[in-house]
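Thanks, everyone. I'll take one structure and walk through a few of its sites.

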Amino acid sequence: MGNKMKKFLLFFIFINIFLGLFLVSYAGTESNDINGIDENLYPGVKSKIQALKSAHPNWNIKVEYTDLDWNEVINAEHQGHGTTSQNIKNCVSSTSSSYSGLWICEICGKTKYDTGAWYCASTDALKYMMDVRNSVNETDVFQFLQLSSTQDYTNDTNVKNTLTNMAKTTNYLDSECINAIIEAASTYHVDPYYIMAKIIVEQGNTTTTLISGNGYNGQYPGVYNFFNIGATGNGKDDVIRQGLAYAASQGWTTKRASIVNGTRIIAQNYIAKEQDTLYYQKFNVVGNNRFNHQYEQNILGAQTGGTSLRKIYKNMDSNLSGNYSFIIPLYKNMPTSACVRPSTTASHPTRKYNDGRCKFR
Ligand SMILES: [Zn+2]
């Protein structure tokens, strides 16, 4: 092979690797260097991370430089107005007075979505909920917990003992479940505590129909669905039936099969697609199919999910002294101070009602 040809080939390979890096995902750049965060570019976040770090020296808190402009992020999340509920990216409850006033979309007003339970969320609500300076604190930080893991836990007695302890808060997580969680975590690279916490979030502390193995009204005996996968529908009956039908269609006839395969689905759907924290599952700012493929529309989803995780972790580790990892996204051109909580009593200045809806700005 001639020298020119070699050079050409090298150049060709290089270009492909270079393009590949950008095309595969939009992921930002992660950094452990908290002290090195530039306060001029990212005001107000460093001190909050440092405070958490000094309270929890074992925590590994990373930042992710998303390279995204803050206002473009908010604009991309504030889309789909006036169409069907599937197109709305962020909603607030229409029945809670805590999320009225400026929480409600300045474009949609009180247009109700999804059988009336939801309003579209406002720009102000998005700014408040997405601004990490409002959630890098003891109460809310678990929405940034890193859910993936690269370890093999097969022979890790420490993890097994901790899981066994954690399982005591329920009446259904037996040794078959614990072994399945360890197998699933090692196989699909998911944090084992998160797998258990996710099961407890989905099922609560006592046996439910979806994990009893007894079926429902004579249908689907002997199947299990620990993560409520496919359990959707109109009303409780329908939800249970769909969840059991899904488990039956997948052949989940043991607790192990449901937990291991359910973990595979959760990992493939979100965690392996760079949506590696509850915040990223709700606000997909760095994963594939950015600003789409979001786990839920409820604007509080990441925060309430994080609160549940924290509660479960605290049950097994009261000082939260474990070596947990967190990823905090940073955006460019943030306002100098944290975005404020929207007023529940004020209304948007340009909102004018016409048949119960506001006019477009
Ligand atoms: Zn709207």
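Start with Ser-93: leaving out residues up to four places away in sequence, Ser-93 touches Tyr-99, Ala-117, Trp-118 and Tyr-119. Contact here means heavy atoms within 4.5 Å. A word on the source: this is a predicted model, local features need pLDDT of at least 70, side-chain atom pairs count only at pLDDT 80 or more, and totals for chains, interfaces and linings use all residues. Numbering runs from 1 along each chain as its sequence is written, and side-chain values use heavy atoms, with hydrogens and water left out.

Back to Ser-93. Its place is in strand β3; helices (H or I, at least four residues) and strands (E, at least two) are DSSP runs, numbered from the N terminus. Buried or exposed? Ser-93 is buried, at 18% relative accessible area. The cut-offs: buried is under 20%, exposed over 50%, partly exposed in between, with a 1.4 Å probe and protein chains only. Ser-93 and Trp-118 sit 25 residues apart in sequence, yet 4.7 Å apart in space, C-alpha to C-alpha.

The Ser-93 side chain makes a polar contact with the side chain of Thr-95, at 3.0 Å. That term means a pair of N or O atoms within 3.5 Å; within protein, one must be able to donate a hydrogen and the other to accept it, and residues adjacent in sequence count only if both atoms are side-chain atoms. The Ser-93 side chain also reaches the backbone nitrogen of Ser-96, at 3.4 Å.

Next, the zinc ion. Which protein donors does the zinc ion have? They are His-81 (ND1), Cys-105 (SG), Cys-108 (SG) and Cys-120 (SG), 2.1 to 2.3 Å from it. Donors are N, O and S atoms within 2.8 Å of the metal (3.2 Å for Na, K and Ca); water is not among the atoms, so sites may look incomplete. Along the chain, the spacing is H-x23-C-x2-C-x11-C. Cys-108 lies in the loop between β3 (91-93) and β4 (112-113), and Cys-120 in strand β5 (residues 118-120), 12 residues apart. Both Cys-108 and Cys-120 are buried.

Last, helix α4 (residues 123-130). Six of its eight residues are buried, so α4 is largely enclosed by the rest of the structure. The buried residues of α4 pack against α3 (70-77), α11 (278-282), α12 (301-316) and β6 (325-332). At the N-terminal end, Ser-122 caps α4: a side-chain oxygen lies 3.4 Å from the backbone nitrogen of Asp-124.
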